Number of protein chains: 2
Amino acid sequence: MKSIETRRSIRKYSSREVTDEQLDRLLELAARTQTMGNLQLYSVVVTRDIKMKERLAPAHFNQPMVTSAPVVLTVCADFNRTTVWANNRKATPGYDNFLSFVNAATDALLYTQTFCNLAEEEGLGYCFLGTTVYCPQIIIDTLKLPKLVMPVATITLGWPDENPPQSDRLPLASFVHNETYSDYTAADIDRFYAAKEALPENRNFVEINNKETLAQVFTDCRYTKNDNEHMSETLMDALKKQGFIK
Amino acid sequence: MKSIETRRSIRKYSSREVTDEQLDRLLELAARTQTMGNLQLYSVVVTRDIKMKERLAPAHFNQPMVTSAPVVLTVCADFNRTTVWANNRKATPGYDNFLSFVNAATDALLYTQTFCNLAEEEGLGYCFLGTTVYCPQIIIDTLKLPKLVMPVATITLGWPDENPPQSDRLPLASFVHNETYSDYTAADIDRFYAAKEALPENRNFVEINNKETLAQVFTDCRYTKNDNEHMSETLMDALKKQGFIK
């Protein structure tokens with residue numbers, strides 16, 4: 001897993017095909033990931049059809065890699081399969097609740113990341129689209145997801161046709177705590193964020209957004225309170241429609 | 001990442017130490033995982049103190065590996081650090097909402113799984129404790145997690161002192177869908193679950209639990225409707241207390 005040291009998100013893909021054989025092998029191998037009660041509370045919907053990619057694109061703010069990637073994977077928290085199994089086996093399932101969503105979403109995300117680690121090790125490139133939970137209803141309708149199935153991750157996948165710089169990371173001490181969580185003082189924040197704030201690309205980011213600080217770019221432009229609150233409601237509504245919340 | 005092919009959860013650990021050097025190296029390397037806006041919306045609390053392990057154990061139904069593992073890691077969805085950063089940089093954060101919890105939990109779980117894959121590749125063994133979200137308040141109090149920090153994953157880690165059989169997995173066709181989700185017929189369920197239901201250990205599981213079908217072991221004993229509904233409320237309450245839901 002040396003590839004993790006140099007990993008970057010890949011948004012441009014070459015014309016080289018991702019074969020079904022390779023994709024299936026990686027999807028199957030990733031299923032060795034730990035899963036609650038060996039139930040594998042996830043499903044993957046594979047999108048190769050350009051028409052389907054075009055229908056998914058708006059859910060991902062029309063980021064170009066959704067239509068340009070050879071493969072789009074939507075990984076879903078899935079308690080439907082287990083529920084149908086139970087209903088066919090004289091068992092009474094009770095998975096139409098919030099805890100079951102969190103359990104299935106956990107399974108789905110752990111599975112997703114093993115898949116990403118495996119794909120990268122083979123030289124494939126991917127981009128993880130966090131937008132999946134922003135407008136989930138478009139995805140649910142397009143992929144015809146039944147109740148108790150909820151999209152939680154989207155991966156665009158292909159052979160890399162770019163080699164972008166690695167993005168910055170905070171120092172280890174900023175996110176690891178010993179025995180108890182020690183909250184951050186102003187001095188901690190200065191120390192932990194100094195390198196990030198000093199990076200030329202981040203300084204440029206502040207300038208082109210007409211802001212005073214890098215944090216303002218995040219709070220005022222990229223992930224605003226208004227957007228977050230609006231999309232929290234949208235997400236809750238989708239969870240209700242999918243049967244995970246009453 | 002050949003290790004994924006033979007992976008199993010490890011619950012018994014040898015007396016061999018997991019050094020701080022190794023642990024820190026893996027925790028730092030795992031942070032190469034993709035993260036929302038490079039914000040790294042997670043924190044890891046490292047537990048080595050036996051007294052702290054004993055306090056965490058009840059949250060994990062006193063499973064013995066919590067106290068016997070040399071290291072316990074609690075990975076948290078963390079929007080506190082980003083919020084403190086914003087507050088110190090003339091920015092107005094808006095991350096006290098449900099979408100922000102899901103974003104941070106996603107970051108935390110992807111990070112967790114890269115860490116698991118890296119640890120396993122070095123020969124370490126781990127067990128992922130799904131119990132983390134069942135009684136989160138005990139963990140929150142023990143680790144002194146502030147608002148906007150929520151535990152989502154626990155890993156017990158050490159050098160393996162057992163070599164258990166691999167657990168079963170469903171066939172690929174059962175969890176991969178092409179273009180749209182195709183719901184499961186009774187015949188699909190028979191086909192996909194036949195091998196699992198025929199396994200001697202699963203037949204034994206049915207017998208010792210005095211049940212008729214394997215699915216009933218899950219619905220009636222392991223993950224019951226009553227427990228799930230009760231713990232859904234507990235989880236929602238914890239998310240409210242941690243400031244992620246109003």
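Strand β4(B) is largely enclosed by the rest of the structure, because 10 of its 10 residues are buried. The model is a predicted one.

- An open sheet of 5 strands runs in the order β5(A)-β1(B)-β2(B)-β4(B)-β3(B), and its pairing is mixed.
- At the edges lie β5 (176-178) of chain A and β3 (125-129) of chain B, each of which pairs on one side only.
- From one strand to the next, the twist averages 25 degrees.
- On one side, β4 (residues 149-158) of chain B pairs with β2 (residues 71-78) of chain B in the antiparallel sense, over 8 bridges.
- β4(B) also runs antiparallel to β3(B), and 5 bridges join these two strands.
- Which residue of β4(B) stands opposite B:V72? It is B:T156.
- B:C127 likewise stands opposite B:T156 in β4(B).
- In a regular strand, side chains alternate between the two faces of the sheet.
- Helix α5 (residues 98-121) of chain B lies across β1 (42-47), β2, β3 and β4 of chain B. The angle between helix α5 of chain B and β4(B) is about 10 degrees.

**Chain A as a whole**

- Chain A contains 11 helices and 5 strands.
- The C-alpha trace of chain A spans about 60 × 45 × 35 Å along its principal axes.
- Chain A has 246 residues, and 62% of them count as buried.
- Taking the contacts in chain A between residues at least 6 apart in sequence, 77% join residues at least 24 apart.

**Aromatic rings**

- Over all chains, the count of aromatic pairs comes to 25.
- One of these pairs is A:Y111 with B:F175; it is edge-to-face because the planes stand at 80 degrees, with the ring centres 6.0 Å apart.
- This pair crosses between chains: A:Y111 belongs to helix α5 (residues 98-121) of chain A, and B:F175 to helix α7 (residues 172-175) of chain B.
- Are the two partners buried or exposed? A:Y111 is buried, with a relative accessible area of 1%, and B:F175 also counts as buried, at 1% relative accessibility.
- A pair of aromatic rings is described by two values, the distance of the centres and the angle of the planes.
- One aromatic cluster is formed by A:F98, A:F101, A:F244, B:F98, B:F101 and B:F244.

**Arginine over tryptophan**

- In chain A, A:R16 lies over the face of A:W159, at 3.5 Å from the ring centre.
- In chain B, B:R16 lies over the face of B:W159, and the distance to the ring centre is 3.5 Å.

**Cysteines**

- How many disulfides are there over all chains? The count comes to 0.
- A:C127 is in no disulfide, and the nearest cysteine sulfur, that of A:C116, is 9.7 Å away.
- A:C127 counts as buried, because its relative accessibility is 2%.
- A disulfide needs the two sulfur atoms within 2.5 Å.
- B:C221 is partly exposed, as its relative accessible area is 32%.

**A:Q40, a buried loop residue**

- A:Q40 is found in the loop between α1 (20-30) and β1 (42-47) of chain A.
- With 0% relative accessibility, A:Q40 counts as buried.
- Apart from its neighbours within four places in sequence, A:Q40 is in contact with A:A31, A:T35, A:R81 and A:D107, and also with B:R169, B:L170 and B:F175.
- B:F175 is also the ring that pairs with A:Y111.

**B:R11, ahead of the helices**

- B:R11 lies in the segment before α1 (20-30) of chain B.
- At 43% relative accessibility, B:R11 counts as partly exposed.
- Leaving out neighbours within four places in sequence, the contacts of B:R11 are B:M65, B:S68, B:C127 and B:E162.
- B:C127, one of these contacts, is the residue that stands opposite B:T156.
- B:R11 and B:R32 lie 21 residues apart in sequence, and 27 Å separate them in space, C-alpha to C-alpha.

Technical notes. Residues are numbered from 1 along each chain as its sequence is written. Chains are lettered from A and ligands numbered from 1 in the order in which they are written. This is a predicted model: local features need pLDDT of at least 70, side-chain atom pairs count only at pLDDT 80 or more; totals for chains, interfaces and linings use all residues. Side-chain values use heavy atoms; hydrogens and water are left out. Helices (H or I, at least four residues) and strands (E, at least two) are DSSP runs, numbered from the N terminus. Buried means under 20% relative accessible area, exposed over 50%, partly exposed in between (1.4 Å probe, protein chains only). Contact means heavy atoms within 4.5 Å. Rings of Phe, Tyr and Trp (its six-membered ring) pair if their centres lie within 6.5 Å; planes under 30 degrees apart count as stacked, over 60 as edge-to-face and the rest as tilted. A charge sits over a ring if NZ of Lys or CZ of Arg is within 6 Å of the ring centre and within 35 degrees of the ring normal. Two strands pair if DSSP finds at least two bridges between them. Axes are lines fitted to C-alpha atoms, for helices over the stretch in contact, and angles run from 0 to 180 degrees between N-to-C directions.
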